[in-house]
Amino acid sequence: MKPNILFIVIDSLRADKCHGNEKTSVTPNIDRLIEGGTYFAQNITSAPSTIPSMSSILTGLYPFECVTKQEKFFAINDSVDNYIKKLEENNYNCYCTIPKIISYLGFEKIFHENLEVYDRTSTLYNGLGEKIVDRISSYAMNEPWFYYLHLYDLVWISSNAHFNPGDGPDEIRNNKFGMNQYERIFSVMDIWFGRIFQNLDLKNTLIVMTG
């Protein structure tokens, strides 16, 4: 029986905020993943921006080998072999939930009709999390599945995003969940990861989490 694969990308994630002695966020669900799985303490990105680095992750190639220019932007070169194609060749059903702002930069040519997009201001705590939990708990994805989940919660608190901490749950304003907004948001994300994991068959699901 082939395992399902949940592939979580947390945009703008810093390693020192999810593991180690310096972090002040509260992440019991991620901690359990680390304790029960494999953790890479030194993970160096191949590029400083989303599309080139994700192109490398999906192809195993350097960015200059797997991106193409689309007007003023870089996009994933769908003519290059990628792991999604390989998974489909091995009878996996591949799905993707991703911010609309980057969805047209190659992802639509890889996931086709199984691409689901959301507004960049959507977060796990303001509706997106419920949709993800519902998708998994309702068995909407045909097994075996590969589910690429790209989250923008940490990008939303950047200075030009007009983040309002009053719009979120109480944990965002509680120092027990982190010494700054970034770490408190990460604590809230971990709460939702717990809810998502509860609806998975963990004996038959491989969870990959990266930034």
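Which residues are buried in helix H7 (residues 128-137)? They are Leu-128, Gly-129, Ile-132, Val-133, Arg-135 and Ile-136, where buried means under 20% relative accessible area, exposed over 50%, and partly exposed in between (1.4 Å probe, protein chains only). This is a predicted model, in which local features need pLDDT of at least 70 and side-chain atom pairs count only at pLDDT 80 or more, while totals for chains, interfaces and linings use all residues. Residues are numbered from 1 along each chain as its sequence is written, and side-chain values use heavy atoms, with hydrogens and water left out.

**Confidence**

- The protein has an average pLDDT of 91, and 99% of the residues score at least 70; pLDDT is the predictor's confidence in each residue, from 0 to 100.
- Confidence is lowest in strand S2 (residues 67-70), with a mean of 88, and highest in strand S6 (residues 145-151), at 98.
- Helices (H or I, at least four residues) and strands (E, at least two) are DSSP runs, numbered from the N terminus.

**The sheet**

- Five strands form an open sheet in the order S5-S4-S6-S1-S7, with parallel pairing; two strands pair if DSSP finds at least two bridges between them.
- S5 and strand S7 (205-210) are at the edges and have a single partner strand each, so one side of each is left without a neighbour in the sheet.
- On average, neighbouring strands of this sheet are turned by 10° against each other, direction ignored.
- The parallel pairing of S1 and S7 runs over six bridges, and Leu-6 stands opposite Ile-207 in S7.

**Helix H7**

- Seen down the axis of H7, the buried residues fall within an arc of 160°, so they line one face of the helix; the arc is that of the directions from the helix axis to the C-beta atoms.
- Glu-130 and Lys-131, on the other side of H7, are exposed.
- The buried residues of H7 pack against strand S4 (93-99), strand S5 (115-118), S6 and helix H8 (181-198), with contact meaning heavy atoms within 4.5 Å.
- H7 lies across S4, S5 and S6 and runs at about 175° to S6; axes are lines fitted to C-alpha atoms, for helices over the stretch in contact, and angles run from 0 to 180 degrees between N-to-C directions.
- Tyr-139, which follows H7, has a positive phi, near 55°.

- Asn-4 belongs to strand S1 (residues 4-10) and is buried, with a relative accessible area of 2%.
- The side chains of Asn-4 and Glu-143 are joined by a polar contact of 3.0 Å. A polar contact is a pair of N or O atoms within 3.5 Å; within protein, one must be able to donate a hydrogen and the other to accept it, and residues adjacent in sequence count only if both atoms are side-chain atoms.
- Pro-144 lies in the loop between H7 and S6 and counts as buried at 17% relative accessibility.
- The peptide bond between Glu-143 and Pro-144 is cis, with omega about -10°.
- Not counting residues up to four places away in sequence, Pro-144 touches Lys-2, Pro-3, Asn-4, Asn-91, Tyr-92 and Asn-93.

**Positive phi in loops**

- Most residues other than glycine have a negative phi, and most peptide bonds are trans.
- Glu-71, in the loop between S2 and strand S3 (73-76), has a positive phi of about 60° and counts as exposed at 72% relative accessibility.
- Asn-91, in the loop between helix H4 (83-89) and S4, has a positive phi of about 70° and counts as exposed at 56% relative accessibility.
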